[in-house]
Amino acid sequence: MKLYCLSGHPTLPCNVLKFKSTTIMLDCGLDTTSVLNFLPLPLVHSTQTFFPSVQELKECAGRVFVDSQPEFCLPERELLDLSTIDVILISNYHCMMALPYITERTGFTGTVYATEPTLQIGRLLMEELVNFMERVPKAQSATCWKNKELQRMLPGPLKDAVEVWTWKRCYSIQEVNSALSKVQLVGYSQKVELFGAVQISPLSSGYSLGSSNWIIQSHHEKVSYVSGSSLLTTHPQPMDQSSLKNSDVLILTGLTQMPTANPDGMLGEFCSNLAMTIRAGGNVLVPCYSSGVIYDLLECLYQFIESASLGTTPFYFISPVANSSLEFSQIFAEWLCHNKQTKVYLPEPPFPHAELIQTNKLKHYPSIHGDFSSEFRQPCVVFTGHPSLRFGDVVHFMELWGKSSLNTIIFTEPDFSYLDALAPYQPLAMKCVYCPIDTRLNFHQVSKLLKEVQPLHVVCPEQYTQPPLTQSHRSDLMLELQPPPMPYRRCSVLNLPFRRRYERVYILPELANSLVPSEIKPGVSVATVSAVLQSKDNKHTLQSVPKPPPVPPSKKRKRVMEEPPVVLAPKPLLSGAVPLEAFLSTLQKHGITEVKVEETADGHILHLQAEDTLIQLEEDGTHIVCDNNEPLRTTLRDLVLRFLQKL
């Protein structure tokens with residue numbers, strides 16, 4: 001069993017597992033942190049000077065950025081032939097953003113498995129990304145700066161960027177539709193057979209709508225894939241932990257990016273900073289994804305608005321997919337936690353943002369053009385994308401509000417360093433608040449989980465096996481397990497540490513009927529079987545030995561050579577052990593008295609000195625060494641056989 005690691009980003013994983021003649025890709029996350037090296041779209045109006053000799057680079061607020069359409073760091077594509085992948089298993093909608101690059105550009109012909117909310121919300125996020133990129137296309141595409149010789153001379157962080165020559169521009173909407181047409185929907189605990197070799201099954205991971213962990217098992221081996229899981233009580237169904245027990249290997253990824261930040265504390269800080277800004281007459285900008293944490297933010301604000309006297313403050317959600325996202329969250333009832341499910345049957349909307357929309361406190365728009373510009377009033381709160389601040393409607397609000405200290409930008413998404421996101425907008429007057437909300441498992445929770453489910457081996461990104469660089473003294477911010485976890489990094493190939501020992505074989509009824517068991521000890525019976533083993537579609541079946549075809553009658557006499565071969569009955573199998581004392585006494589009765597016994601690692605050697613003969617009694621065999629005395633050899637053989645059982 002091998003694991004190929006195609007992504008170095010622990011929360012945007014992409015791994016390939018080779019197991020029992022199947023090749024399974026586990027997630028295909030897209031590393032979007034690469035966009036922080038590019039200038040925002042559209043360009044920020046600030047004093048910019050060209051970097052010497054390279055027209056594609058511009059200096060902005062003391063840092064150098066690429067002046068081109070943003071590009072993404074793809075999963076590694078040279079480590080193995082991606083066209084050989086049989087299936088792709090998706091954990092959640094954040095971990096599928098690279099899907100079109102894999103399915104449309106590598107010769108992939110397999111199937112993708114995901115839950116319905118993962119597919120539908122993943123589609124929204126991909127459509128939004130394509131829309132952001134195509135709305136303000138760049139005239140030129142930068143390529144010269146990727147030259148290895150030139151990159152060495154660039155200032156950081158461009159100098160340290162990983163494999164820039166493999167970065168790619170965003171896929172098209174046609175590629176998105178084609179990629180998603182390959183998705184087959186599955187439900188929690190549904191079992192899917194792959195080529196008769198292994199069975200896959202998704203389990204609720206508790207992190208987002210439809211998010212899954214996966215069980216991959218054969219008859220005798222079990223691999224668990226735990227990616228992006230949460231034990232907190234939020235809107236998705238709670239995590240299924242019991243099904244992870246008895247795993248031979250547990251592949252663990254997608255832990256929290258903010259192990260020291262408590263999500264409840266961050267929500268409280270978010271609300272208090274928002275209220276403070278609004279009361280002072282300023283606006284609040286929340287750069288966010290169009291699904292996920294925004295549902296929790298709106299729910300938190302719903303409870304907070306009245307107590308903080310913010311009833312008249314308008315809340316705007318601006319995204320090309322805003323309407324679909326808000327509606328989807330209300331219709332995926334069976335994927336929600338129990339409290340929200342019961343509301344659906346009352347009937348009530350499971351999320352309170354439905355009431356915010358009805359009372360006109362929350363308004364959503366596809367973009368800042370059209371209706372929004374005529375209805376917009378300040379002070380207000382705007383939720384919009386993209387959290388990287390490099391593209392989307394958020395760029396417009398950064399230009400609009402960035403120069404006033406009354407306004408506040410609140411970062412809630414943990415995927416991007418807020419300092420790097422703000423770098424091209426400096427100098428900035430607006431206040432910045434960092435309240436990263438990441439509900440995924442922290443190190444304390446995952447250690448407790450692993451103690452409960454007790455996998456034989458744990459595999460995880462190497463980042464989890466050492467403390468963070470900035471807090472090297474914090475040994476509580478890493479995985480400490482016995483045996484130690486197997487770490488991986490981008491481009492590593494791991495041989496997973498267990499061997500397959502057994503294979504299930506089926507026996508046909510007519511063959512089973514012909515078997516005659518013999519009892520070898522109380523409660524244990526054994527039968528010998530002569531059969532033909534047929535292996536097809538990874539299933540192994542024992543069938544009766546075919547009888548030779550009958551010879552057609554003929555007037556001419558057949559030659560002897562043409563007669564069917566005689567099938568001899570198999571020799572009986574011997575079982576049991578030869579007890580030393582009883583055997584020596586039997587030899588004495590037959591007149592063999594001079595016996596020298598020598599103990600060996602595997603049993604005993606009996607030297608019959610008068611007869612110049614050796615008998616080796618071992619666990620798995622008995623050997624009689626006797627020169628030129630066939631009657632004695634036959635007698636000794638018969639004496640040995642007395643103690644063994646014939647099957």
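What share of the contacts in the protein with a separation of 6 or more is accounted for by residues 24 or more positions apart? I found 70%, where contact means heavy atoms within 4.5 Å.

I noted that this is a predicted model, in which local features need pLDDT of at least 70 and side-chain atom pairs count only at pLDDT 80 or more, while totals for chains, interfaces and linings use all residues. Residues are numbered from 1 along each chain as its sequence is written, and side-chain values use heavy atoms, with hydrogens and water left out.

I looked up the overall form next: the radius of gyration, taken over C-alpha atoms, is 35 Å, whereas a compact globule of 647 residues would have one near 26 Å by the rule of 2.2 Å times the number of residues to the power 0.38. The C-alpha atoms fill a box of roughly 115 × 60 × 60 Å along the principal axes.

I then read that the protein has 16 helices and 34 strands, which are DSSP runs (H or I of at least four residues, E of at least two) numbered from the N terminus. Buried residues, those under 20% relative accessible area with a 1.4 Å probe and protein chains only, make up 50% of the 647.

Finally I turned to helix α11 (residues 394-401), whose buried residues are V394, V395, F397, M398 and W401. They lie on the same side of α11 because they cover an arc of only 165° around the axis, taken from the directions from the helix axis to the C-beta atoms. Their cover includes β15 (284-287), β16 (315-318) and α12 (418-422).
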